[in-house]
Amino acid sequence: MIKRILGTASLLLALSHPAWALDATESQRLSSIQQRWAEIQYQVPEKQRATEFEKLAAQSAAFTRSSPNAAEAWIWNGIVNSSWAGADGGLGALGKVKDARASLEQALKLDPSALQGSAYTSLGALYDRVPGWPVSFGDDEKAEQLLRKALEINPNGIDSLYFWGDHLYRQGKPEQAREVLEKAKAAPPRPGRELADQGRRQEIDALLQEIRNP
């Protein structure tokens with residue numbers, strides 16, 4: 001169940017201007033994690049993704065230990081752990097999504113605007129997609145609050161728009177969702193994020209097709 005819900009819940013967002021400025025080494029480390037995430041998410045066969053995300057989770061956790069004041073490190077630790085949960089599936093994924101939530105909450109404490117507010121987007125997607133109480137912490141209202149906040153920070157981003165459109169569709173608002181998703185498709189490209197953009201647009205197209213042919 002977790003595997004199905006979280007399969008596309010992970011995000012890949014461009015750098016903004018964080019309060020804690022990454023040095024050259026940290027920036028390269030972040031870029032490496034982002035690129036590997038996109039490769040696993042969009043190029044690695046589904047059966048192999050959990051193993052590869054587990055390896056990447058070790059790297060992202062090490063990043064948080066070496067740069068504990070960098071919100072970007074915590075954001076990507078959250079993203080990778082949520083991706084690992086989606087790929088792994090089963091009850092064991094619940095611990096991973098809780099770890100992801102904790103990392104994203106830490107990122108918000110450090111710098112809510114880091115990576116164009118992606119902690120809000122990622123956390124909103126988690127609340128939107130994981131099961132609710134008593135199984136896990138899923139909460140539609142909390143998801144909406146977080147995703148709206150993400151849109152305030154990044155109103156034209158492909159990821160913030162995609163997950164908002166997905167949320168609207170889940171809430172039984174297909175026409176509103178379609179308008180948002182069409183806007184997401186027209187989002188400006190992110191330099192160096194070609195693979196991520198391509199994969200996200202494929203997900204947008206798939207959701208639009210589902211809306212047109214329920």
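Which residues of α5 are buried? In this predicted model, the buried residues of α5 are A93, L94, K96, V97, A100, S103, L104, A107 and L108. An α-helix has 3.6 residues a turn, so residues three or four places apart point the same way. Helix α5 itself covers residues 93-110, 18 residues in length. From the first C-alpha to the last, α5 reaches 26 Å, close to the 26 Å expected at 1.5 Å a residue.

N81 belongs to helix α4. With a relative accessible area of 7%, N81 is buried, since values under 20% count as such.

Helix α3 spans residues 46-66 and has 21 residues. Its end-to-end reach, taken between the first and last C-alpha, is 31 Å, close to the 30 Å expected at 1.5 Å a residue.

Within α3, E52 was examined individually. The relative accessible area of E52 is 19%, and the residue is therefore classed as buried, the limit being under 20%. Apart from neighbours within four places in sequence, E52 is in contact with R36, I40 and V44. The C-alpha atom of E52 lies 9.0 Å from that of W37, a residue 15 places away along the chain.

Helix packing was examined next. Two packed helices are described by the angle between their axes and the distance between the axes. Helix α4 (residues 71-88) packs with helix α6 (residues 114-129) at an angle of about 30°, and the axes are 10 Å apart. Because angles under 35 degrees count as roughly parallel, α4 is roughly parallel to α6. The crossing of these two helices, α4 and α6, is left-handed. On the α4 side the contact is formed by A71, E72, I75, W76, I79 and S82. On the α6 side, A114, L115, S118, A119, S122 and L126 take part. By residue class, the contact of α4 with α6 comprises eight nonpolar, three polar and one charged.

For helix α9 (residues 174-185) and helix α10 (residues 194-212), the axes come within 10 Å and cross at roughly 155°. Angles over 145 degrees count as roughly antiparallel, and α9 and α10 are therefore roughly antiparallel to each other. The crossing of α9 and α10 is left-handed. In this contact, α9 contributes P174, A177, R178, L181, E182, A184 and K185. The residues of α10 that meet them are R201, I204, D205, L207, L208, I211 and R212. The contact of α9 with α10 divides into eight nonpolar, no polar and six charged residues.

E175 is also located in helix α9. Its relative accessible area is 48%, and E175 is accordingly partly exposed. L208 is one of the α10 residues in the contact with α9.

Backbone geometry was also considered. Most residues other than glycine have a negative phi, and most peptide bonds are trans. L115 has a positive phi of about 50° although it is not a glycine. Q116, likewise a residue other than glycine, has a positive phi near 55°. L115 is placed in helix α6, and Q116 is also placed in helix α6. As to accessibility, L115 is buried, at 0% relative accessibility, whereas Q116 is partly exposed, with a relative accessible area of 30%. L115 is also among the α6 residues that make the contact with α4.

A cis peptide bond is found between W133 and P134, with omega about 10°. P134 is situated in the loop between α6 and α7 (140-153).

Notes
Residues are numbered from 1 along each chain as its sequence is written. This is a predicted model: local features need pLDDT of at least 70, side-chain atom pairs count only at pLDDT 80 or more; totals for chains, interfaces and linings use all residues. Side-chain values use heavy atoms; hydrogens and water are left out. Axes are lines fitted to C-alpha atoms, for helices over the stretch in contact, and angles run from 0 to 180 degrees between N-to-C directions. Helices (H or I, at least four residues) and strands (E, at least two) are DSSP runs, numbered from the N terminus. Angles under 35 degrees count as roughly parallel, over 145 as roughly antiparallel, 65 to 115 as roughly perpendicular and the rest as oblique. A crossing is left-handed if the near helix is turned anticlockwise from the far one by less than a right angle, and right-handed if clockwise. Contact means heavy atoms within 4.5 Å. Ala, Val, Leu, Ile, Met, Phe, Trp, Tyr, Cys and Pro count as nonpolar, Asp, Glu, Lys and Arg as charged, and the others, Gly among them, as polar. Buried means under 20% relative accessible area, exposed over 50%, partly exposed in between (1.4 Å probe, protein chains only). The expected span of a helix is 1.5 Å times one less than its number of residues.
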